[in-house]
Amino acid sequence: MTVLKPGHNAMARAAGTLAAPILLLSSGTAAAHMSGVVYNLPIPFWMYGFAASAALALSFLIVGYFVTAQSVARNFRVIEFVVPDHKILRTALAGLRIASVCALLLTILTGFFGPANPFANFSVTFFWVIFALGFTYLTALVGDVYALINPWRVICDWLARFKPRPLRPRSHYPRWLGFYPAFAFYLAFIWLELFGQPLPRTLGEILLAYSVINVVGAAVFGRDAWFHHGELFAVFLRLIGKIAPFGYRIDPASGRPDRVQVRQPFMGLLAEPADHFSLLLFVIFMLSSTAFDGVHETRPWALIFWQQIYPLLTRLIERPYLFFVSIYYFWQWTMLFASPFVYLAVYTLFVWLMKIVTGSTRSVRDLALQFAFTLIPIAFVYNITHYYTLLLAEEPAIVTMISDPFAVGWNLFGTARIYRPPVILLADQVWHTQVGLILFGHIVSVYLAHLQALKLFPKGRQGVWSQLPMLALMMLLTTVGLRILSLPIAAGQVQDALPSSRNVPVTPAGDLADRFR
């Protein structure tokens, strides 16, 4: 007979009762969407939701049984290796930094002078597919190497070396400002992806303007402060890099790594908590923006406006139909910008429940910051499930484009005439891969939250009780994430609401990524 440790009976009872109400979010069958292909699920959706929630509850029981406050320290063991100050390593790092700046310059120049067709332009494919997706996934494997080769930081370092006075900080970075600049850039970045649909020239202008902003930010607040708090991709990729089994300690004097840390995957997320509310908001938006991207073009979401809001507006305002199409897009933008605050409210509610059930003297704000990074695996797998098919489909094109980035007939590397067909997966393969990834991400988050709880509440049953609200939150996020993936996509974002408007030509607008799908 197995003897349960203290708290395990309560844990089992709670895990068994949490799954049922969450599964009431939806029932019946659904048509999953991926890459514009409709796929009818082989079993009703509620079965997927039930199985995923049951798997989370089971993982909670297993983690709670085997991982205790006494054993938790083993998960944080780190092996450090000293990086020798060798000429070959210095040369390799210098070469990578030069290549990074060249890639940025090439992306800007091909935006201005390359073909106007975004399908054939190097800048669009390289920035949105190779960098924004491929390099993000690479960072999760090898760690935050972006901190070593950040092209904007490299440019500032070069400027400071040849003319140090302009890059001397003129103002102390204010504590209250935190990561809000990076968060604002993140909002703009996602809006640009989903609604901006920038042409190559516009993308080049945006990257040039962003380069100027980074240089000015570094000149005002100092390079270290600005690139720690204000530069979007430095903040984003630093968080993603915490997933990797490798960490790097950078020597501030030379800018080179002097230590390489080897750790368990995902353990970097618990090395330190979020140190500012704005960073929590940034992490929440990593989650909500991808969820919004998945839902904003689905038919049920579009019908919220056209069947619920649009009839009310027509009673109040007598304007042509196309006027309400503009209102529809403003509504979409508003929902995008509101999404992190909605998710933050839900997250805060469950953190408050954690405080109540544990009787903790810590504030809700402090607990929310302590557990913020445990949400990153969920946000990361959401990103993969939504975009990995795009990466597989468009990655081969860069092999051809790199030899002729301006599309003028060059063949610099002998690959201009190489054709690699895009990888097209079957719809059922995509759906079940998405289900597996989402479930994996949530199980990892349950595990991380349990470890963090044992660090904060090492005595008695507090650690177990604190995780019941978090388990409920993970079940809710799992079911919502699967439900979003299962929704059918509308034929564009504009719905023809009135029979009399059927002859009005309206151009559907999808997000930028849909151009590649």
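Analyst: We start with exposure. At 54% relative accessibility, aspartate 224 counts as exposed, because the cut-off for exposed is over 50%. Keep in mind that this is a predicted model.

User: What does aspartate 224 meet in a salt bridge?

Analyst: A salt bridge is read from a distance: a side-chain nitrogen of Lys or Arg within 4 Å of a carboxyl oxygen of Asp or Glu. Here the partner of aspartate 224 is arginine 153, at 2.9 Å, N to O. The pair links distant parts of the chain, 71 residues apart. Arginine 153 sits in helix α6 (residues 151-162). Aspartate 224 sits in helix α9 (residues 223-229).

User: Which residues are linked in a network of salt bridges?

Analyst: Arg153 and Asp224 belong to it, together with Asp157 and Arg223.

User: How many salt bridges does a search of the whole structure find?

Analyst: The search finds ten. Take another one, between glutamate 205 and arginine 201. Their closest N and O atoms are 3.6 Å apart.

User: How many residues apart are glutamate 205 and arginine 201 in helix α8?

Analyst: They are four residues apart in α8 (residues 200-221), so about one helical turn separates them. Glutamate 205 has 39% relative accessibility, so it counts as partly exposed. Arginine 201, at 46%, also counts as partly exposed.

User: Now a salt bridge of aspartate 366. What is its partner?

Analyst: Arginine 362 is the partner, with the closest N and O atoms 2.7 Å apart. Aspartate 366 is partly exposed, with a relative accessible area of 24%. Arginine 362 counts as partly exposed at 29% relative accessibility.

User: Let us turn to helix packing. At what angle do α7 and α11 pack?

Analyst: Look at the angle and the distance between axes. Helix α7 (residues 180-196) and helix α11 (residues 277-295) pack at about 10 degrees, with axes 9 Å apart. Angles under 35 degrees count as roughly parallel, so α7 is roughly parallel to α11.

User: Which residues make that contact?

Analyst: From α7, they include Tyr180, Phe183, Leu187, Ile190 and Glu193. From α11, they include Phe277, Leu281, Phe285, Met286 and Asp293. By class, the contact has 14 nonpolar, two polar and two charged residues.

User: How does α7 pack with α10, and at what angle?

Analyst: Helix α10 spans residues 232-241, and α7 packs with it at about 95 degrees. Their axes are 8 Å apart. Angles of 65 to 115 degrees count as roughly perpendicular, so α7 is roughly perpendicular to α10. Ala182, Phe185, Tyr186 and Phe189 in α7 meet Leu232, Phe233, Val235 and Phe236 in α10. This contact has eight nonpolar residues, no polar ones and no charged ones.

User: Last, the sheet. What is the order of its strands?

Analyst: Read across the sheet, strand by strand. The order is β3-β5-β4 in an open sheet of three strands, with antiparallel pairing. The edge strands are β3 (79-82) and β4 (246-250), and each pairs on one side only. Neighbouring strands are turned by 25 degrees against each other on average, direction ignored.

User: How many bridges join β4 and β5?

Analyst: β4 and strand β5 (residues 257-262) pair in the antiparallel sense over five bridges.

Methods: Residues numbered from 1 in each chain as written. Predicted model: local features only at pLDDT ≥ 70, side-chain atom pairs only at ≥ 80, totals over all residues. Heavy atoms only, no water. Axes fitted to C-alpha atoms, helices over the stretch in contact; angles between N-to-C directions. Helix = DSSP H or I, 4+ residues; strand = E, 2+ residues; numbered from the N terminus. Parallel < 35°, antiparallel > 145°, perpendicular 65-115°, else oblique. Contact = heavy atoms within 4.5 Å. Nonpolar A, V, L, I, M, F, W, Y, C, P; charged D, E, K, R; others polar. Pairing = 2+ DSSP bridges. Buried < 20%, exposed > 50% of the residue type's maximum accessible area, 1.4 Å probe, protein only.
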